[in-house]
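Here is a short report for a reader meeting this structure for the first time. Please look over the sequence and the model before reading on.

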Amino acid sequence: MNKAVKYGLIASLVWICVKMGALALSISLYDIKYFGLLNMFLLTFVITWSIYKHKRTQTESNLLVDIKNGMLAGVPYTAVVSVFLFFYYGQIFPEFREKKMNEVYVRIDTKKELDAIRKNQPELENKSDVEIKQLAIKDWKNKLDPQFTMMISLLALLFYTTMNSLLISLVFRRIVFRN
């Protein structure tokens with residue numbers, strides 16, 4: 001197995017261990033921004049590490065080889081983390097979805113929220129409050145669906161992997177490993 005792939009798998013396992021450790025210790029379960037930032041940091045680090053290690057061992061390389069090495073580390077990370085998120089929000093911790101839906105039910109009952117929805121979506125201007133509530137609840141159920149979370153995670157992390165591989169390769173090529 002390629003070293004870059006191993007780096008990606010190890011980093012994804014680190015992120016999964018942190019997420020499961022936080023669940024076991026009940027740390028920041030409903031605030032996902034810290035896990036998202038850790039996710040982005042680990043992905044950036046593993047791409048950087050993979051490209052750096054490859055450039056240290058190879059004497060001749062081009063930009064496409066560098067991008068490929070970044071992608072070799074990032075894509076397994078992306079796949080493992082996204083599939084884990086599907087199982088995490090579907091089977092391991094479904095209480096997250098329940099709590100978020102309860103917040104939606106409470107928030108959607110206010111007149112202020114209904115007016116904000118009408119203002120942001122002009123096509124709902126002529127709908128009754130009950131119809132708007134039903135549409136908003138259906139929309140949030142779709143957004144909190146584990147399959148939707150997995151697909152968005154795959155899409156976003158793959159895009160992030162591609163951009164990071166490109167930018168880090170350019171930085172290494174132009175600044176760090178100048179010939």
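What share of the accessible surface of the protein belongs to carbon and sulfur atoms? The answer is 64%, out of an accessible surface of about 11200 Å². This is a predicted model, so every value here is computed from its atoms.

**Overall build**

The protein has seven helices and zero strands. Read from the N terminus, its elements run α-α-α-α-α-α-α. Along the principal axes, the C-alpha atoms fill a box of roughly 70 × 40 × 20 Å. The radius of gyration is 21 Å, while a compact globule of 179 residues would have one near 16 Å. Of the 179 residues, 34% are buried. Take the contacts with a separation of 6 or more: residues 24 or more positions apart account for 73% of them.

**One helix pair**

Two packed helices are described by the angle between their axes and the distance between the axes. Helix 5 and helix 6 pack at an angle of about 80 degrees, and their axes are 11 Å apart. Angles of 65 to 115 degrees count as roughly perpendicular, and helix 5 and helix 6 are therefore roughly perpendicular to each other. The table lists the residues that make the contact.

| Helix | Residue range | Contact residues |
|---|---|---|
| Helix 5 | residues 111-120 | Lys111, Leu114, Ile117, Arg118 |
| Helix 6 | residues 129-143 | Asp129, Ile132, Lys133, Ala136 |

Which classes of residue meet here? The contact of helix 5 with helix 6 has four nonpolar and four charged residues, with no polar ones.

Conventions
Residues numbered from 1 in each chain as written. Predicted model: local features only at pLDDT ≥ 70, side-chain atom pairs only at ≥ 80, totals over all residues. Heavy atoms only, no water. Axes fitted to C-alpha atoms, helices over the stretch in contact; angles between N-to-C directions. Helix = DSSP H or I, 4+ residues; strand = E, 2+ residues; numbered from the N terminus. Parallel < 35°, antiparallel > 145°, perpendicular 65-115°, else oblique. Contact = heavy atoms within 4.5 Å. Nonpolar A, V, L, I, M, F, W, Y, C, P; charged D, E, K, R; others polar. Rg over C-alpha atoms; globule rule 2.2 N^0.38 Å. Buried < 20%, exposed > 50% of the residue type's maximum accessible area, 1.4 Å probe, protein only. Areas by Shrake-Rupley, 256 points an atom, 1.4 Å probe, with all protein chains shown as cover.
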